[in-house]
Amino acid sequence: MPQAASASRFKNILGHLLWAAFAILAASCLAAIAINHGERINSAWLVLAAACTYTLGYRFYAKFIAARVMTLDNQRATPAERLENGHDFVPTNKWVLFGHHFAAIAGPGPLVGPVLAAQFGYLPGTLWIIIGAVLGGAVQDFVILFASMRRDGKSLGQMAREEIGKLGGFVALLTVLLIMIILLAVVALVVVNALAGSPWGTFTIAATMPIAVFMGWYLRFRRPGRVLECSIIGFLLVVAAIFAGQWVAQSQVWATVFTLSTVALAFCIIIYGFLASALPVWLLLAPRDYLSTFVKLGVIFLLAVGIIFVRPELELPAFTRFTDGTGPIFAGKIFPFCFITIACGAISGFHSLISSGTTPKMIAKEQHAWPVGYGSMLLESFVAVMAMIAACVMHPGVYFAVNSPAGIVGATPAAVVATISSWGFPVSVAEMQELARGVGERTLFYRTGGAPSLALGMAHIFARSGGGQAVIGFWYHFAIMFEALFILTIIDAGTRVGRFMLQDLLGHVHPSLGRTSWMPGVIATSSAVVLGWGYFLYQGVRDPLGGINSLWPLFGIANQLLATIALCVATTILIKMHRTRYIWITGLPLVWLVTVTFTAAWQKIFSPLPRLGFLAQAKELQRALRAGAVPAGQMALTQTLIFNARLDAVVCGIFLALVAVILVDSVRVWAGILRGTRESTVAEAPFVLSRLQAEEV
Amino acid sequence: MRNLRAFCGVMWALLRELADENAYRRHLNMYGLAHSPEVWRAFADERAKMRYSRPKCC
């Protein structure tokens, strides 16, 4: 016995020593990337810093939350067990559910946001991604998943209504609808900017549509139920389309057909969005959704392997001169704009919709919420770190030449390289031409939006993993295809969901409008949603500052405000559970987000700098118009730009007002409970003893 | 070797889950149905209705 006790004590001490060594390694890696300013740094430091910090956060912080705050109890039957129906309530293996949940939360956000935020240098964004995820994003996902699981899988809106009040529920629904509109516009803009003037890319993406229709037919009539088989065929056809795209780009006739301007592409996507949301789901949306899910997971895995294998050096510095707010990609200082540019990857309000959607209905044991809720967000954060690495392996001059709009850096290649070189990031026209030729594009100037530079970085890493420069064009277009594929899936699914939400809201005005089977109502609401995001998309492509400058911050603010709502709900639930001493767990990220988003929104509306403040931009354009400084041919466009700037200010103001309402409402509820003037009822489902054995799942 | 087999098993289950093939198998078991094109189409329609009434993540 004493021998066993001493062995156990030795094991304990060894365990503590190992974790202490791990903590020292994490701290060393973070210090290495934070202190090493003068020289180029290897990306392995970022990967190690992230991996070590995530492991510590998962092992200690998440465990603390699971054990002390939520008191996860495997004896308690989950909704998946109690309400099992074979459809949505299904007890699922935790690692399968982990992958399922990760596939649902991983969108273009963690890939594009870090690429744009790299204009501040690699350090601020990387630290925010790692620390934000461990202390904020993963906590939000975990707590909301837990809360929904204890409430039979209720949605965020339902929980807001029950825990905060009716107003909270209505505000949550309205906020989600508005965010959807901005989200769809901004992701569509990313695709438009990636495909403009690119016959290879445009052909490949256009080809995915008949391929998806073929897959839909195959799955519906030829081999029903064979989704994996159908997805493999679809994937092979898409790869063939990438190769065919190279031939199209080299053909005199076909290259002209597939070379489209940003405006033409925007209209194509708007028409596509309407048709896709009205077509039967099985024909286009569902088969492409399967395909994009597999491609997304496969590419993320490939990128991770590529980065670990190649370990490229980061060319961008830790900080650039643009921390002062004068960046060419988007205007605004590092605080608050770094923290709203990177939302998904650090903390994203959208995740709370997934964590209170399908996932809570599939959890077999309460303890599984820990890896599924907290762990999958850490993995998404790691994806964001990889995107940051992919952006930073480019020469800074190339990075800024690709991502800067003509309105900032000049309308000719010579002007662009002169401007960017004058910032201390040398780049030449010949270098850019050589790069464009290498990836099979005519030009890489003004390719704003993040997707082309991410594709360049990924192609660089993939090509170095095998094949070299000979295959860089294939990898570039493969990466563009991968990004566009799941963005288009988001657009048609989002338009459909936006239509349902609008019908839900309008159903209160007139019952017919709420019926999803009433065709005039369906067409009217689909059109309203498409026109909504289509207008913002059109605004983005006509914006001389590149569109991303206005739309991405608007999207970031909206997304983070949704996270604010989720954290308000989470904090309310903790208070009602008598866990007031732990409210800092959700309270601190909430205070941070409120500070960041309200500052950013205030600056976007009221900053006196025309590049930053919407109202200042409108005022300056108005002044130019009155002074006769605008050429006759540009008068109508200028009027539109003035209207757009004011519209953006109003949208930003509405977001702020909506979230202020829910924040005040929440504080009122908290104060009432803490003072004892309000009843503190936990709306959890009653305890039922679990009969499910661990080995059954 | 056993660990590798378990890992591959989880990966395969994940792929089938993402492809809704597991959900379809559960559907057949629950209602005691045999696979047929009509049954698959009814299942797929119901599944899509549920899936595409929720926003996709950004």
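Me: Among contacts in chain A between residues at least 6 apart in sequence, what percentage join residues at least 24 apart?
Reply: The model is a predicted one. Its chain A comprises 28 helices and two strands. Of the contacts in chain A whose partners are at least 6 apart in sequence, the share joining residues at least 24 apart is 81%.

Me: What radius of gyration does chain A have, and why does it agree with a compact globule?
Reply: The C-alpha trace of chain A spans about 80 × 65 × 60 Å along its principal axes. For 697 residues, a compact globule would have a radius of gyration near 26 Å, so there is agreement with the value for chain A, 25 Å.

Me: How many residues does the largest nonpolar core have?
Reply: Buried residues account for 56% of the 697 residues in chain A. The residues with the most contacts inside the largest nonpolar core include A:Ile182, A:Val191 and A:Leu454. Beyond neighbours within four places in sequence, A:Leu454 is in contact with residues including A:Leu111, A:Val115, A:Ala387 and A:Ala479. The size of this largest core is 244 residues.

Me: What does helix 10 of chain A reach from its first C-alpha to its last?
Reply: Helix 10 of chain A covers residues 227–250, which is 24 residues. At 1.5 Å a residue, the expected value is 34 Å.

Me: Which helix of chain B is included in what covers the buried residues of helix 10 of chain A?
Reply: The buried residues of helix 10 include A:Val227, A:Gly234, A:Val238 and A:Ile242. Their cover includes helix 9 (199–222), helix 11 (252–257), helix 13 (285–310) and helix 22 (472–506) of chain A. From chain B, the cover includes helix 2.

Me: How many residues of the side of chain B that touches chain A are nonpolar?
Reply: The contact takes 44 residues from chain A and 27 residues from chain B. On the chain B side, helix 1 (2–18), helix 2 (21–31) and helix 3 (37–51) each supply at least two residues. Three residues of that side are polar and seven are charged, while the nonpolar number is 17.

Me: Is A:Ala470 buried or exposed?
Reply: A:Ala470 lies in the loop between helix 21 (451–465) and helix 22 of chain A. Because A:Ala470 has 9 other C-beta atoms within 10 Å, and the limit is 12 or fewer, A:Ala470 is exposed.

Terms used
Residues are numbered from 1 along each chain as its sequence is written. Chains are lettered from A and ligands numbered from 1 in the order in which they are written. This is a predicted model: local features need pLDDT of at least 70, side-chain atom pairs count only at pLDDT 80 or more; totals for chains, interfaces and linings use all residues. Two residues are in contact if their C-beta atoms, placed from the backbone, lie within 7 Å. Helices (H or I, at least four residues) and strands (E, at least two) are DSSP runs, numbered from the N terminus. Ala, Val, Leu, Ile, Met, Phe, Trp, Tyr, Cys and Pro count as nonpolar, Asp, Glu, Lys and Arg as charged, and the others, Gly among them, as polar. A nonpolar core is a set of buried Ala, Val, Leu, Ile, Met, Phe, Trp, Tyr and Cys residues joined through C-beta atoms within 7 Å. A residue is buried if 20 or more other C-beta atoms lie within 10 Å of its own, exposed if 12 or fewer, and partly exposed in between; C-beta atoms are placed from the backbone. The expected span of a helix is 1.5 Å times one less than its number of residues. The radius of gyration is taken over C-alpha atoms; the globule rule is 2.2 Å times the number of residues to the power 0.38.
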